[in-house]
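Here is a short report for a reader who is new to protein structures. Keep the picture in view as you read.

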Amino acid sequence: MAKTNNLTVVSGQAPAIVDPLTGSTNPNTAQILNVTGQGKVTVPTTLTEVQLGIQVDGKTATEVQEKTAQRSTAVVDVLQKLGAQELQTTSIQLNPVYSYKDNTQTLTGFTGLNTLQFELPTARAGAAIDTAIQAGANLIQNISFTASDKASQQARLQVLSEAVKDAQAQAQTVFSTLKLTPGNIIDININSADNPSPSPLVFNATDNALAKIATTPIIGSPQTIEGSVSLDISYSPNSAATLASATDNLTGASKQAVAIVDPLTGSTNSNNAQILKVTGQGKVTVPTTLTEVQLGIQVDGKTATEVQEKTAQRSTAVVDVLQKLGAQELQTTSIQLNPVYNDSQILTGFTELNTLQFELPTARAGAAIDTAIQAGANLIQNISFTASDKALQQARLQVLSEAVKDAQAQAQTVFSTLKLTPGKIIDIDINSANNPSPSPLVFNVADKAFATGTRTPLIGGTQTIEGSVSLDIAYSANSAGTFDLALNGLQRSA
């Protein structure tokens with residue numbers, strides 16, 4: 001038998017609890033707390049999967065098909081020489097193009113699109129993308145990253161361990177607030193996590209070799225694996241407490257229904273206990289300390305190669321300055337390269353958009369945004385704030401304590417008004433609070449230091465975490481009162 005944080009793991013059978021009214025034992029009924037813990041682990045990725053497109057426009061289907069085939073062959077050839085794995089064609093499209101004038105549809109030409117997919121170690125993926133575009137590819141359709149099967153499996157096991165620890169921490173908070181003594185873990189349910197979807201592109205800002213040339217600098221971002229474990233934990237009143245005094249007169253008891261004496265008949269029925277069901281709410285606000293920023297680098301040009309080179313150069317410059325400023329979690333959430341057409345569906349050029357995301361302490365984020373824009377970023381797409389993982393975890397436990405106190409206050413009010421005597425807590429359910437979404441940007445226009453300076457003024461807001469705990473509490477009529485008094489004069493017919 002092993003102990004972890006005062007929670008004792010036993011065999012799958014429920015412990016035998018002595019009924020305080022009858023002296024009998026029933027192994028199938030126990031005082032139970034139900035709790036679910038969450039786990040999250042990030043695992044580094046090592047492989048990059050890329051989807052590139054070769055799009056050609058022309059007057060005839062034959063012309064378009066021939067040009068598309070030639071350029072696709074050239075792209076495939078260079079990718080094979082670079083050692084691309086899992087190289088395959090995912091689609092081939094050939095479609096007519098029409099113009100519309102005076103409600104008349106006129107065929108103006110054809111467009112062909114071949115889509116290739118391949119996989120490479122992440123360290124070599126950036127150069128492969130640039131080489132493929134130089135060979136004829138002119139669309140970047142998708143870039144994603146994945147970890148090895150071995151790393152993913154190890155992370156899934158670590159997630160379960162973290163989830164168990166989280167469940168233990170929640171249980172200890174509730175038991176401590178209610179002055180209950182934790183007993184045996186009598187049931188465990190593992191909710192395994194599936195492997196995550198491939199994660200987005202990340203720039204490797206520390207690679208000086210990449211920074212010196214117009215090669216798209218990329219490195220795989222980590223994948224996040226999540227899972228949960230549910231525990232049923234038995235409990236009993238604290239040895240120093242009594243049935244009437246523990247935790248504001250609310251104590252723990254066996255989960256079996258408490259035998260209550262019917263004041264009219266004198267009979268007892270353990271299957272029909274008098275129970276108050278109450279749910280307490282908890283809410284805690286946490287100050288944010290980190291800022292997450294999404295910036296865009298958009299470039300337009302006549303050819304796909306021209307646009308790709310300029311975007312790579314400016315992206316490298318932006319990443320370089322952000323790295324020097326200590327930006328964390330630096331990555332791009334998307335890379336898009338698309339053709340641009342006029343109203344007559346004539347190709348006029350190409351546009352590329354790289355979206356960078358990074359994280360910094362809020363006090364330094366404004367200056368980082370301004371510096372990144374000076375280096376070449378030209379879109380601010382999103383700014384949000386978040387608290388640290390440690391602060392959020394502490395707040396989640398505080399929420400549970402507040403929820404228990406709220407449930408106790410509600411129960412005491414009802415019992416006092418009805419002149420009833422609270423008895424045993426016969427069931428506890430923890431409704432865990434998830435971490436909140438990052439909070440939106442708030443500008444502090446009253447801050448003169450920001451108002452007179454040249455940097456973007458950023459002030460983090462707060463995040464709110466909410467949760468609830470449900471209690472089932474047995475009760476009986478107050479010995480000094482009567483059934484009629486308890487219901488404020490409402491009569492009960494025999």
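## The overall make-up

How many helices and strands does the protein chain have? It has 10 helices and 22 strands. Keep in mind that this is a predicted model.

The protein chain holds 494 residues, and buried ones make up 44% of them.

In soluble globular proteins, nonpolar side chains tend to be buried together. Here the largest nonpolar core has 30 residues. Which residues have the most contacts inside it? They are Leu33, Val35, Val174, Leu178, Ile428 and Leu471. Several elements supply at least two residues each, among them strand 5 (32-43), helix 3 (149-178), helix 8 (389-418) and strand 20 (420-431). Helix 3 gives the largest share, with seven residues.

Setting aside neighbours within four places in sequence, Val174 is in contact with Leu33, Leu400, Val404, Ile428 and Ile430. There is also a second, separate core, with 24 residues. Leu116, Ala137, Phe145 and Val299 are included in that second core.

## Helix 3 beside helix 8

Helix 3 and helix 8 have axes that come within 9 Å and cross at roughly 35°. Their crossing is right-handed. From helix 3, the contact uses Asp166, Ala169, Gln170, Thr173, Val174, Thr177 and Leu178. From helix 8, it uses Gln393, Arg396, Leu397, Leu400, Ser401, Val404, Lys405 and Gln408. By class, this contact has six nonpolar, six polar and three charged residues.

Ala167 also sits in helix 3. Is Ala167 buried or exposed? Ala167 is buried, because its relative accessible area is 0% and the cut-off for buried is under 20%. Leaving out residues up to four places away in sequence, Ala167 touches Val35, Thr36, Gly37, Val229 and Leu231. Ala167 and Gly37 are 130 residues apart along the chain, yet their C-alpha atoms are separated by 3.9 Å.

## Helix 2 and its two partners

Begin with helix 1 (residues 61-81) and helix 2 (residues 122-135). Their axes come within 8 Å and cross at roughly 150°. The cut-off for roughly antiparallel is over 145 degrees, so helix 1 is roughly antiparallel to helix 2. The crossing of this pair is right-handed. Helix 1 brings Arg71, Ala74, Val75, Val78 and Leu79 to the contact. Helix 2 brings Ala128, Thr131, Ala132 and Ala135. The contact of helix 1 with helix 2 has seven nonpolar, one polar and one charged residues.

Helix 2 also packs with helix 6 (residues 304-324). The angle is about 155°, and the axes are 9 Å apart. Helix 2 is therefore roughly antiparallel to helix 6. In this pair the crossing is left-handed. Ile129, Asp130, Ile133 and Gln134 in helix 2 meet Ala304, Thr305, Gln308 and Glu309 in helix 6. Three nonpolar, three polar and two charged residues make up the contact of helix 2 with helix 6.

## Two positive phi angles

Most residues other than glycine have a negative phi. Lys179 is not a glycine, but has a positive phi of about 55°. Where does Lys179 lie? Lys179 is in the loop between helix 3 and strand 10. Its relative accessibility is 46%, so Lys179 counts as partly exposed.

Glu329 is not a glycine either, and has a positive phi of about 50°. Glu329 is found in strand 17 (residues 328-341). With a relative accessible area of 48%, Glu329 is partly exposed.

## A buried strand residue

Finally, find Ile143 in strand 9 (residues 139-146). Ile143 counts as buried, because its relative accessibility is 11%. Phe118 lies 25 residues from Ile143 along the chain. The C-alpha atoms of Ile143 and Phe118 are separated by 10.0 Å.

Definitions and conventions. Residues numbered from 1 in each chain as written. Predicted model: local features only at pLDDT ≥ 70, side-chain atom pairs only at ≥ 80, totals over all residues. Heavy atoms only, no water. Axes fitted to C-alpha atoms, helices over the stretch in contact; angles between N-to-C directions. Helix = DSSP H or I, 4+ residues; strand = E, 2+ residues; numbered from the N terminus. Parallel < 35°, antiparallel > 145°, perpendicular 65-115°, else oblique. Left-handed = near helix turned anticlockwise from the far one by under 90°. Contact = heavy atoms within 4.5 Å. Nonpolar A, V, L, I, M, F, W, Y, C, P; charged D, E, K, R; others polar. Core = buried A, V, L, I, M, F, W, Y, C linked by side-chain atoms within 4.5 Å. Buried < 20%, exposed > 50% of the residue type's maximum accessible area, 1.4 Å probe, protein only.
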